[in-house]
Amino acid sequence: MVKGLMFVLLVLVAASSSFGKPENNSSAKKENKFPQTLSRGWGDELNWTQTYEEALFRAKSSNKPLMVIHHLEDCPHSQAMKQIFANNKEIQKMAGEDFILLNLVFETSDKHLAPDGQYVPRFIFVDPSLTVRADITGRYGNRLYAYEPADLDLLLSNMKKAKKLLKTEF
């Protein structure tokens, strides 16, 4: 009797295990999702700050200029600029060695970071005395702090200018 019950139990367990999850269909598309880092794709090897307040503290304490990048994840102009920025070795090297970095997908309460409006992508430089450098601008009169992929050399030049001003003014 016990052997008979064990046999029935074994058959039930075997049968119920075959009703588990169906096998993955090879035609089903599986998307790899990576956890989002603070870089948000602007340079995974760089050390990014999490908040504007943290970035200001680190800029002041390290005596390095802060570069704030305002962008949106679904903006084609931001995406194009991100791709160029992340793939340029000279910009990545200078950003990593000489700047405190923050990229924002939202506006801060500090209106100094939007002196001529809220548009993206926008690059603002802040010196270690916590002064927004209104004199370091892009090439557009209606969007002073905007850069496009074709403006990469100007952005690099402005990064060098932010470093140079730091050495001459402090």
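**Helix packing and sheet arrangement**

Helices α3 and α4 are roughly perpendicular to each other, because angles of 65 to 115 degrees are placed in that class, whereas those under 35 count as roughly parallel, those over 145 as roughly antiparallel and the rest as oblique. The model is predicted, with local features requiring pLDDT of at least 70 and side-chain atom pairs pLDDT 80 or more, while totals for chains, interfaces and linings use all residues. Residues are numbered from 1 along each chain as its sequence is written, and side-chain values use heavy atoms, without hydrogens or water.

The axes of α3 (residues 76–87) and α4 (residues 89–98) come within 5 Å and cross at roughly 80 degrees; axes are lines fitted to C-alpha atoms, for helices over the stretch in contact, and angles run from 0 to 180 degrees between N-to-C directions. Helices are DSSP runs of H or I with at least four residues, and strands are runs of E with at least two, numbered from the N terminus. In contact (heavy atoms within 4.5 Å), Phe85, Ala86 and Asn87 of α3 meet Lys89, Ile91, Gln92 and Ala95 of α4.

Three strands form an open sheet of mixed pairing in the order β2-β1-β3, where pairing requires at least two bridges found by DSSP. Strands β2 (100–104) and β3 (122–126) stand at the edges with a single partner strand each, so one side of each lacks a neighbour in the sheet. From one strand to the next, the twist averages 15 degrees. Strand β1 (residues 66–70) pairs with β2 in the parallel sense over five bridges, and Ile69 has Asn103 in β2 as its bridge partner. Helix α2 (residues 52–62) packs on this sheet, touching β1, β2 and β3, and its direction makes about 165 degrees with that of β2.
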